[in-house]
Amino acid sequence: MKAIALLCPGQGAQRVGMAKDLAEAFPAARAALEAVDEALGFSLSAVMWNGPEDLLTRTDHAQPAILAHSWAVWAVAGPKLAGRVAAAAGHSLGEYSAYAAAGALAGPEAARLVRRRGELMRDAGAVRPGTMAAVMGLDADRVAAVCREASGKDGVVVAANLNAPDQVVVSGDPAAVARAGELLKAAGAKRVIPLKVSGAFHSPLMEPAAGQFAAALDAAALGEPAFPVVANASAEPVRQAAMARRLLAAQLTSPVRWVDSVRALATLAGEGATFVEIGPGNVLAGLARRILPGAATVSLGTAAEVGAYLEAA
């Protein structure tokens, strides 16, 4: 039987109504969501199901909501998948979902962590406002070089998410991001798309959040993962809790090395592995096919998708 490389989505995948069908169809999913609600001390599931959208999109709600959705899928599909998972990776906050699936973090504990992470990121963005933009059609090295050129006395901009060979997200101070956008277009970028975010994530502007979040990570009950989790910050497989804490703390100010992470997953899982995305949407499955043309992918986010997969398995 072919191995599985597990993918866990990050911020931006949230939608009003998310995971409601799972809770209605599968008691294990409902129990997982209720456990997250209890851990957080409020009904996150009500925000997930009913919105309003601006409340769900707020980073301190969006992050635990996406994790909770992934955790609910894993509660249902995990018993079928667990023995076949060779390694996992999650995009940004999705790395916490990956550690939860690997048994290194309990789902409710992971939800508390990413809610705190979201609060600190929101606060850092309020103190020093930042922004992000998606760059299409240029490779990461060229984008990074332009970011260095665009950074100056009035701000810094960095390559923050290396999502695909021709898709990079830049992050930083608004003036520097705007300047980089013009330079990137001049350098041949097909498009530069401003993103609706509450801060300059995965950039030096998140340093205040990273310093405070390290304490939350140190206090968390984080154990050894049952299978390796490929770290965003280094694209290397993590098998020890101490290494996980260090790289999760570094993640807030480091680029998400997603291209390298997916390639590392492919190496760990072996030839013919299936990339299985658990949680809302199918963005990571699409990126996997762009990074590794011909890769087999499955997205498990809705009750219908999960039910069909379990029936086939």
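Predicted model: local features only at pLDDT ≥ 70, side-chain atom pairs only at ≥ 80, totals over all residues.
Biologist: Which residue forms a salt bridge with Arg116, at what distance between the closest N and O atoms?

Modeller: The partner is Glu119, and the closest N and O atoms are 3.3 Å apart.

Biologist: Why are Arg116 and Glu119 separated by about one helical turn?

Modeller: Both residues belong to helix H7 (residues 107-127), and they are three residues apart, which means about one turn of the helix between them. An α-helix has 3.6 residues a turn, so residues three or four places apart point the same way.

Biologist: How many salt bridges does the structure hold?

Modeller: The structure holds 12 salt bridges. One of them is formed by the side chains of Asp154 and Arg179, at 2.8 Å from N to O.

Biologist: What are the relative accessibilities of Asp154 and Arg179?

Modeller: Asp154 has a relative accessible area of 45% and is partly exposed. Arg179, at 31%, also counts as partly exposed.

Biologist: Which residue meets Arg257 in a salt bridge?

Modeller: The side chain of Arg257 meets that of Asp260, at 2.8 Å from N to O. Arg257 is partly exposed at 28%, and Asp260 is partly exposed at 32%.

Biologist: Changing topic to helix H12: what span should its 12 residues have, and how far apart are its end C-alpha atoms?

Modeller: Helix H12 covers residues 258-269, and at 1.5 Å a residue it should span 16 Å. Its end C-alpha atoms are 16 Å apart, so the two values agree.

Biologist: Which residues of H12 are buried, and what do they pack against?

Modeller: The buried residues are Trp258, Val259, Ser261, Val262, Ala264, Leu265 and Ala269. They pack against several elements, including strand E1 (4-8), strand E4 (157-164) and helix H13 (283-291).

Biologist: What follows H12?

Modeller: H12 is followed by Gly270, which has a positive phi, near 90°.

Conventions. Residues numbered from 1 in each chain as written. Heavy atoms only, no water. Helix = DSSP H or I, 4+ residues; strand = E, 2+ residues; numbered from the N terminus. Expected span 1.5 Å × (residues − 1). Buried < 20%, exposed > 50% of the residue type's maximum accessible area, 1.4 Å probe, protein only. Contact = heavy atoms within 4.5 Å. Salt bridge = Lys/Arg side-chain N within 4 Å of Asp/Glu carboxyl O.
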